[in-house]
Amino acid sequence: MNILEKIVADKRKEVDLKKSLIPVSQLEKSVLFERPTISLAAKLRKSKTGIIAEHKRRSPSKSEINQSLNVQDVAKGYQNAGVCGMSVLTDGKYFGGSLDDLLLARAAVHIPLLRKEFIIDEYQILEAKAHGADVILLIAAILDKEEIKRFSELAKSVHLDVLLEVHNEAELHKSIMHSLDMLGVNNRNLKTFEVSLEISKTLSKLIPDDFVKVSESGISTIEAIKVLKPYGYQGFLIGENFMRTEDPGKAAKEFIDDLS
Ligand SMILES: O=C(O)c1ccccc1NCC(=O)[C@H](O)[C@H](O)COP(=O)(O)O
């Protein structure tokens with residue numbers, strides 16, 4: 001089994017357990033379920049910098065990144081830095097995140113929040129909404145076309161933006177559909193951890209203009225963004241580069257100031 005298969009196998013067990021403990025009817029009663037969401041896609045379309053900053057304590061490729069920070073301080077720092085949105089990893093086993101991180105970030109800031117998760121069941125989309133997310137991530141490598149359609153339509157029906165992530169041409173071809181808002185190209189191969197910005201460059205020309213294009217992973221310099229912008233990218237998802245520092249908000253602010 002590669003790492004992605006392991007994550008998905010664990011996720012299936014986790015979701016089955018959660019469904020038995022907290023029914024959908026309870027998720028729908030959350031005050032946050034009624035909260036009007038904020039569109040990340042709309043923010044990215046208007047932004048000159050397009051930074052989506054991530055809260056990431058650890059990862060399968062890098063192990064520990066930063067375990068000592070308070071998620072609300074990170075969220076406020078990112079908001080103060082002028083990011084377009086914040087990505088909150090909610091997977092516990094592999095990334096050290098949780099749905100509580102999402103709730104806490106929601107209570108601290110008013111920028112769009114992306115639930116960064118391995119979504120394999122509709123339940124997780126309703127869970128995202130009930131915990132204050134504005135956006136969900138769908139990963140083409142772990143979903144078939146019918147699931148992408150079903151999950152993205154459900155997300156849209158509860159007013160969540162959808163970021164669909166691809167890493168190769170086959171994933172992109174099966175994924176293009178009207179119920180998506182943003183197409184993300186992950187520069188990291190989630191099976192081998194190899195990172196190359198060339199993936200964003202190559203796939204950019206195959207993405208129709210009606211989607212906001214987001215380049216994800218392995219971005220650590222202003223130069224990388226300057227290289228990717230002419231390929232039509234309006235969003236740039238950055239995790240480790242900010243989270244490795246003592247003050248991710250400050251690092252994001254310096255980055256955005258240099259970019260502006
Ligand atoms: O980051 C990993 O090691 C990883 C491994 C397996 C599946 C997903 C993984 N990361 C999720 C992400 O997509 C990144 O956290 C995100 O794009 C930010 O990347 P970076 O700026 O390189 O931290």
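1. Which strand and which helix each supply at least two residues of the shell around the ligand? They are strand S10 (233–238) and helix H11 (240–243). Helices here are DSSP runs of H or I with at least four residues, strands are E runs of at least two, and both are numbered from the N terminus.

2. A word on the basis. This is a predicted model, in which local features need pLDDT of at least 70 and side-chain atom pairs count only at pLDDT 80 or more, while totals for chains, interfaces and linings use all residues. Residues are numbered from 1 along each chain as its sequence is written.

3. The ligand shell. There are 19 residues around the ligand. Ser59, Ser61, Ser217, Gly239 and Glu240 come nearest. A residue is near a molecule or strand if its C-beta atom, placed from the backbone, lies within 6 Å of it. By type, the shell has seven nonpolar, seven polar and five charged residues. Ala, Val, Leu, Ile, Met, Phe, Trp, Tyr, Cys and Pro count as nonpolar; Asp, Glu, Lys and Arg count as charged; the others, Gly among them, count as polar.

4. An unreviewed UniProt entry places "domain: Indole-3-glycerol phosphate synthase" at residues 4–254. UniProt positions follow the numbering used here, feature names are shortened, and annotations may be inferred rather than shown by experiment. The span is 41% helix and 18% strand. Its end C-alpha atoms lie 33 Å apart.

5. The barrel. Eight strands close into a barrel, in the order S1-S4-S5-S6-S7-S8-S9-S10, with parallel pairing. The twist averages 25° from one strand to the next. Strands pair if DSSP finds at least two bridges between them. S9 (residues 212–216) and S10 have four, in the parallel sense. Within this pair, Val214 stands opposite Gly235 in S10.

6. Helix packing around H4. The axes of H4 (residues 71–81) and H5 (residues 99–108) come within 9 Å and cross at roughly 45°. Axes are lines fitted to C-alpha atoms, for helices over the stretch in contact, and angles run from 0 to 180 degrees between N-to-C directions. H4 and H5 are therefore oblique to each other. Angles under 35 degrees count as roughly parallel, over 145 as roughly antiparallel, 65 to 115 as roughly perpendicular, and the rest as oblique.

7. H4 and H12 (residues 248–259) pack at about 15°, with axes 7 Å apart. That makes H4 roughly parallel to H12.
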